[in-house]
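Me: I'd like to learn how to read a structure like this one. Can you take me through it, feature by feature?
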Amino acid sequence: MYKRIRELREDRDLTQKRMGEILSCSQRVYSNYERGELDIPTEILIKLANYYDVSVDYILGRTDRQATNR
């Protein structure tokens, strides 16, 4: 999961600081999410999935299919 959120961010040329702003958290907290040092709260998982237009299952590594069921 942690590798996926880093890859999604890097694919869009976003900084950790910018993702922190988008998610209303600090760069340090976001960095801890990417490194797996903090569990990602459900609310943040949903925000990430919505922002990147992928499923939560994709972020969690339960599927390799990025598309949501919209």
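Reply: Helices here are DSSP runs of H or I with at least four residues, numbered from the N terminus. Keep in mind that this is a predicted model, where local features need pLDDT of at least 70, side-chain atom pairs count only at pLDDT 80 or more, and totals for chains, interfaces and linings use all residues. Residues are numbered from 1 along each chain as its sequence is written, and side-chain values use heavy atoms, with hydrogens and water left out.

Me: Which residues of helix H1 are buried?
Reply: Buried means under 20% relative accessible area, exposed means over 50%, and partly exposed is in between (1.4 Å probe, protein chains only). In H1 (residues 2-11), the buried ones are Arg4, Ile5, Leu8 and Arg9. They lie on the same side of H1 because they cover an arc of only 130 degrees around the axis, taking the directions from the helix axis to the C-beta atoms. The face turned away from that buried side carries the exposed residues Lys3 and Asp11.

Me: What do the buried residues of H1 pack against?
Reply: Contact means heavy atoms within 4.5 Å. The buried residues of H1 pack against H2, H3, H4 and H5. Take Ile5: leaving out residues up to four places away in sequence, Ile5 touches Tyr30, Tyr33, Glu34, Ile40, Leu48, Tyr52 and Ile59.

Me: And the largest nonpolar core, how many residues does it have?
Reply: A nonpolar core is a set of buried Ala, Val, Leu, Ile, Met, Phe, Trp, Tyr and Cys residues joined through side-chain atoms within 4.5 Å. The largest one here has 16 residues, and Ile5, Met19, Tyr30, Leu48, Tyr52 and Ile59 have the most contacts inside it. H4 gives the most to this core, with five residues.

Me: How do I describe two packed helices?
Reply: You use the angle between their axes and the distance between the axes. Axes are lines fitted to C-alpha atoms, for helices over the stretch in contact, and angles run from 0 to 180 degrees between N-to-C directions. Helix H2 (residues 16-23) and helix H3 (residues 27-35) pack at about 105 degrees, with axes 8 Å apart. H2 and H3 are therefore roughly perpendicular, a label for 65 to 115 degrees.

Me: Is Val54 buried or exposed?
Reply: Val54 is buried, with a relative accessible area of 3%. You'll find Val54 in the loop between helix H4 (42-52) and helix H5 (56-60).

Terms used: Helices (H or I, at least four residues) and strands (E, at least two) are DSSP runs, numbered from the N terminus. Angles under 35 degrees count as roughly parallel, over 145 as roughly antiparallel, 65 to 115 as roughly perpendicular and the rest as oblique.
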